[in-house]
Amino acid sequence: TITIEDIQKMVASHYKIRVVDLKSKNRTKVIVTARQIAMHLIKKHLDLSYVEIGKAFGGKDHTTVMNALKRVKNQHSQNIELRSDIDDLENRIHSITGV
């Protein structure tokens with residue numbers, strides 16, 4: 001199985017940032033993108049509530065999580081780089097979970 005922490009580490013590593021950055025209030029573009037993708041992957045693979053996901057990211061509000069998921073969904077079809085990053089991370093998750 002995979003955990004929240006596993007996904008956070010994987011995403012942080014992919015974007016060459018620290019897990020603590022994902023949980024921070026920092027709003028630089030690379031960190032926001034990484035945080036939103038991590039939230040998306042956690043929701044998809046662990047199916048946790050918005051509140052639980054928010055807590056895992058430094059106590060973010062559930063509406064922040066909802067907006068992040070909506071943004072990733074909207075950008076997924078338009079942004080080739082974002083889609084490629086998600087595909088890479090999905091492949092890593094599948095190699096761990098075997099699913």
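Lys43 sits over the face of Tyr50, at 4.8 Å from the ring centre; a charge counts as over a ring if NZ of Lys or CZ of Arg is within 6 Å of the ring centre and within 35 degrees of the ring normal. The model is predicted: local features need pLDDT of at least 70, side-chain atom pairs count only at pLDDT 80 or more, and totals for chains, interfaces and linings use all residues. Residues are numbered from 1 along each chain as its sequence is written, and side-chain values use heavy atoms, with hydrogens and water left out.

**Salt bridges**

The structure holds three salt bridges, each defined by a side-chain nitrogen of Lys or Arg within 4 Å of a carboxyl oxygen of Asp or Glu.

| Pair | N to O distance |
|---|---|
| Arg18 and Asp21 | 2.9 Å |
| Lys43 and Asp47 | 3.8 Å |
| Glu90 and Lys44 | 3.0 Å |

For accessibility, buried means under 20% relative accessible area, exposed over 50%, and partly exposed in between (1.4 Å probe, protein chains only). Glu90 is buried at 8%, whereas Lys44 is exposed at 53%. Lys43 is partly exposed at 23%, and Asp47 is exposed at 60%.

**Fold**

The protein chain has six helices and zero strands; helices (H or I, at least four residues) and strands (E, at least two) are DSSP runs, numbered from the N terminus. With a radius of gyration of 12 Å, close to the 13 Å that the globule rule gives for 99 residues, the chain is as compact as a globular protein of that length. That radius is taken over C-alpha atoms, and the rule is 2.2 Å times the number of residues to the power 0.38. The C-alpha atoms fill a box of roughly 30 × 30 × 25 Å along the principal axes. Buried residues make up 38% of the 99 residues.

**Helix α1**

In helix α1 (residues 4-14), the buried residues are Ile4, Ile7, Gln8, Met10, Val11, Ala12 and His14. Their cover includes α2 (19-23), α3 (29-46), α4 (50-56) and α6 (80-97), where contact means heavy atoms within 4.5 Å. After α1 comes Lys16, with a positive phi near 55 degrees.
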